[in-house]
Amino acid sequence: MSEGKFLHELTGSMSQGAAGNPTVAMIEAAFAHHGLHWRYVNMEVTPEDLGTAVRGAKAMGFRGFNCSLPHKVTVIPHLDGLGESAAVMGAVNCVVRRGEKFIGENTDGKGFLKSLETAIDPKGKSVVLFGAGGAARAIAVELGLAGTRRITIVNRSEARGAELVALLRDKLKLDAELAVWSGDYAVPAGTDIVINGTSIGLYAPEARLALDLNSLQPGMVVADVVFSPVRTRFLDDAAARGCRALDGLGMLVNQGIVGVQYWTGITPDAEVMRKALASAMGV
Ligand code: NDP
């Protein structure tokens, strides 16, 4: 390993191969741009081998790794500790070597927040968040930690939505409520930020979020986690109503930026990473 430090992306069997993986292209573009003699490699790890793989990464001096489904929760017992938001969420997508310890972090929500902060400071704001899955959970927790005043979770499945609301209330003492999603949802007056945290629209440019568009007011900030297409129907509709629209590619790039910052200590060039990611994704 005299060539430099290695980062190791542990992924499940559903992952793409390294050659076509946009995250690999994005992270390695940052390393190359900043003259860092580092590598980021993508490897498939089965659930049975996860503990062995983590111990192996540690033994070989890896500076960290990302992990995707199905490892985000099951990796936790193999780590030495958790960052604040990862502990609240109970999910890890980024592992960072700190001294001799492997610490689990979650960069999904942090990436979203970094992207959001280019348009608005969420402190003291009122948020409507569609969805209660992994992405929505990560976003809601980071918003809570950032001092958001109120969050309404709008979700189709009541049980899943209620679980997220209970987590926000119990662990973050947040003013959170659930709206079970049926029919077109009307965003309450006074809402500052509206977020699609569902997979609606992913690879489906015509897919429509069940939302009363007349309830969107000019000046609201509207964000989508969906990154392909970059410009979703939801964002187009919101922009046409005078809202400020933030795409999911910004979240994806920023979670990569946070990861590189954690691992290397440098702040990488965002434009270089966004270009590499967009080019690898063909968008
Ligand atoms: P999950 O499967 O964990 O959650 C999916 C969510 O979408 C649930 O709340 C689900 O509701 C809801 N949903 C899906 N289809 C419908 C529908 N037809 N009507 C109403 N609700 C629906 O997925 P993730 O949270 O992991 O991912 C969600 C999206 O976020 C994906 O598109 C993913 O690509 C994207 N993502 C983007 C990132 C980025 O950096 N930009 C990072 C991570 C994820 P219910 O509970 O009722 O099933």
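Does C243 count as buried or exposed, and at what relative accessibility? At 7% relative accessibility, C243 counts as buried. Here buried means under 20% relative accessible area, exposed means over 50%, and partly exposed lies in between (1.4 Å probe, protein chains only).

1. Basis of the note. This is a predicted model, in which local features need pLDDT of at least 70, side-chain atom pairs count only at pLDDT 80 or more, and totals for chains, interfaces and linings use all residues. Residues are numbered from 1 along each chain as its sequence is written, and side-chain values use heavy atoms, with hydrogens and water left out.

2. Overall form. The protein chain has nine helices and twelve strands. Its radius of gyration is 19 Å, close to the 19 Å that the globule rule gives for 283 residues, so the chain is as compact as a globular protein of that length. The radius is taken over C-alpha atoms, and the rule is 2.2 Å times the number of residues to the power 0.38. Along its principal axes the C-alpha trace spans about 60 × 40 × 30 Å. Of the 283 residues, 51% count as buried. Helices (H or I, at least four residues) and strands (E, at least two) are DSSP runs, numbered from the N terminus.

3. The ligand shell. The ligand is surrounded by 21 residues, and the closest are A135, N155, R156, S157 and V225. By type, the shell divides into nine nonpolar, nine polar and three charged residues. For this count Ala, Val, Leu, Ile, Met, Phe, Trp, Tyr, Cys and Pro are nonpolar, Asp, Glu, Lys and Arg are charged, and the others, Gly among them, are polar. Helices α5 (134–145) and α8 (248–264) each supply at least two residues of the shell, and the largest share, three residues, comes from α8.

4. A backbone N or O atom of A135 is 2.8 Å from an oxygen atom of the ligand. For S157, too, a backbone N or O atom lies 2.8 Å from a ligand oxygen. R156 uses its side chain, where an N or O atom is 2.9 Å from an oxygen atom of the ligand. The protein covers 76% of the 920 Å² of accessible area that the ligand has on its own. Accessible areas come from the Shrake-Rupley method with a 1.4 Å probe; for residues, only the protein chains shown count as cover.

5. Cysteines. The structure holds zero disulfides. A disulfide is a covalent bond between the sulfur atoms of two cysteines; the cut-off used here is a pair of cysteine sulfur atoms within 2.5 Å. The closest cysteine sulfur to that of C94 is in C67, 8.3 Å away, which is too far for a bond. C94 is buried, with a relative accessible area of 0%.

6. Helix α4. Eight of the ten residues of α4 (residues 107–116) are buried, so the helix is largely enclosed by the rest of the structure. Among the buried residues are F112, L113 and L116, but also D108. N106 caps the N-terminal end of α4, with a side-chain oxygen 3.1 Å from the backbone nitrogen of D108.

7. T264. This residue lies in helix α8 and is buried, with a relative accessible area of 19%. The side chain of T264 reaches the backbone oxygen of V260 at 2.8 Å. A polar atom of the T264 side chain also lies 3.1 Å from the backbone nitrogen of I266.

8. Backbone details in loops. A cis peptide bond joins L69 and P70, with omega about 10°; P70 is in the loop between β3 (64–66) and β4 (81–82). Another cis peptide bond joins S228 and P229, with omega about 5°; P229 is in the loop between β11 (221–224) and α7 (233–240). K173, in the loop between α6 (158–172) and β9 (175–180), has phi near 55°, a positive value in a residue other than glycine. K173 is exposed, with a relative accessible area of 68%.

Methods:
Near = heavy atom within 4 Å. Polar contact = N/O pair within 3.5 Å; in protein donor to acceptor, adjacent residues only side chain to side chain.
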